[in-house]
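Have a look at the structure first, then read on.

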Amino acid sequence: MADPMNIIVLSRNSKLYSTSRIVEAGRERGHTMRVVDPLRCYVKISAHRPEVHYKGQIIESPHAIIPRIGASVTFYGTAVLRQFEMMGVFPLNESVAISRSRDKLRSMQLLARKGIGLPVTGFAYSPDDNEDMINLVGGAPLVIKLLEGTQGRGVVLAETNKAAESVIDAFHGLKAYFLTQEFIKEAGGSDIRCFVVGERVVASMIRQAKEGEFRSNVHRGGSARAIRITPEERSTAVRAAKIMGLNVAGVDIMRSNHGPVVLEVNSSPGLEGIEGATNKDIAGSMIQFIEKSAKQGKTRTKGRG
Ligand code: ADP
Ligand code: MG
């Protein structure tokens, strides 16, 4: 057993499956686990002694911090995490990496730069470029995605160029950023979630869209089961997490006829679906990674960048 540590889980709700599993896994391994709501943390910024306060009390430096920061609180949550990093606390995922992963476009550019397979993707600002946006990705059928969507909401399959133009017009009318993307038909409505912990895929599951739907999100009625992935898929997932600078990541991959393509990299991947589908103790893997890696002052960026 590793030396007992004080570990803080930054999460809005201790009753969430993922949060409570992480707490349970830590306690099983002899650590002191505390859940802290990032929105109730406030910080004292001063040159020599950065502090984080919580509900009237100063928080003593823990040995490690596990950020579970939801997309809707990224700005404030990463600021709090950065403050802990300035105190030298080891974060399971660093604030800069989380911010980076929350920008879909930036993430795709970073992955593309390092040669990771991606669906061909277009992005434009002006409605004058609508037609080119469609042609850029090979015309219909194509996928149009809101940049800020989650759980499959805001992801549309346009079967004809006419339909694509209408959707693009509608998104422009809403002043929303979106991208166009090659439709990976051959994936047959499935994608693969690879759960990466420290350069290893510790679990993987395939999600299949329900009949008549192309989006495999569980929120859209998709179902999940464990799957063995290929070595190429494994290395793609590990490399994608590494490029993003994430120790823990949910990397979503589709099987295209030009090899595995990465759809997105999630910095706070949920545990419920994948622990359920694979029967693996993923929360335990996260704690073990911290036991191996957490050292005071060993945070890579100390909140820089
Ligand atoms: P979200 O962040 O809302 O989950 P995704 O980009 O992951 O958005 O898309 C949701 C789902 O739609 C994916 O899990 C996948 O099943 C399907 N999908 C997304 N992009 C494509 C594509 N280019 N080709 C085929 N299916 C896609
Ligand atoms: Mg998704």
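## Overall shape

For 305 residues, a compact globule would come out with a radius of gyration near 19 Å, and the protein has 20 Å, which agrees. That radius is taken over C-alpha atoms, and the globule rule is 2.2 Å times the number of residues to the power 0.38. The C-alpha trace spans about 60 × 40 × 35 Å along its principal axes. Some 51% of the 305 residues count as buried, meaning under 20% relative accessible area with a 1.4 Å probe and protein chains only.

Some housekeeping: this is a predicted model, where local features need pLDDT of at least 70, side-chain atom pairs count only at pLDDT 80 or more, and totals for chains, interfaces and linings use all residues. Residues are numbered from 1 along each chain as its sequence is written, chains are lettered from A and ligands numbered from 1 in the order in which they are written, and side-chain values use heavy atoms, leaving out hydrogens and water.

## Domains and elements

The domain assignment (automatic or from a database) gives domain 1 (6-95), domain 2 (100-113 + 186-286) and domain 3 (121-183). The C-alpha centres of domain 1 and domain 3 sit 38 Å apart.

## Around ligand 1

Where does ligand 1 lie? Domain 2 and domain 3 both give residues to its shell, so ligand 1 lies between them. The shell holds 20 residues, with Lys145, Gly152, Glu182, Asp191 and Glu264 the closest; a residue counts if one of its heavy atoms is within 4 Å. Strands β9 (142-146), β11 (178-182) and β16 (259-266) each supply at least two of the shell residues.

Glu182 comes to 2.8 Å from a ligand nitrogen, Ile184 to 2.9 Å from a ligand nitrogen, and Ser216 to 3.0 Å from a ligand oxygen. The protein covers 97% of the 550 Å² of accessible area that ligand 1 has on its own, by the Shrake-Rupley method with a 1.4 Å probe.

Most residues other than glycine have a negative phi, and most peptide bonds are trans. The Ala140 to Pro141 bond is cis, with omega near -5 degrees, and Pro141 is in the loop between α5 (130-136) and β9.

Lys55, not a glycine, has a positive phi of about 45 degrees, in the loop between β4 (51-54) and β5 (57-58). Asn279 has a positive phi of about 60 degrees and counts as exposed at 72% relative accessibility, the cut-off being over 50%.

Notes. A polar contact is a pair of N or O atoms within 3.5 Å; within protein, one must be able to donate a hydrogen and the other to accept it, and residues adjacent in sequence count only if both atoms are side-chain atoms. Helices (H or I, at least four residues) and strands (E, at least two) are DSSP runs, numbered from the N terminus.
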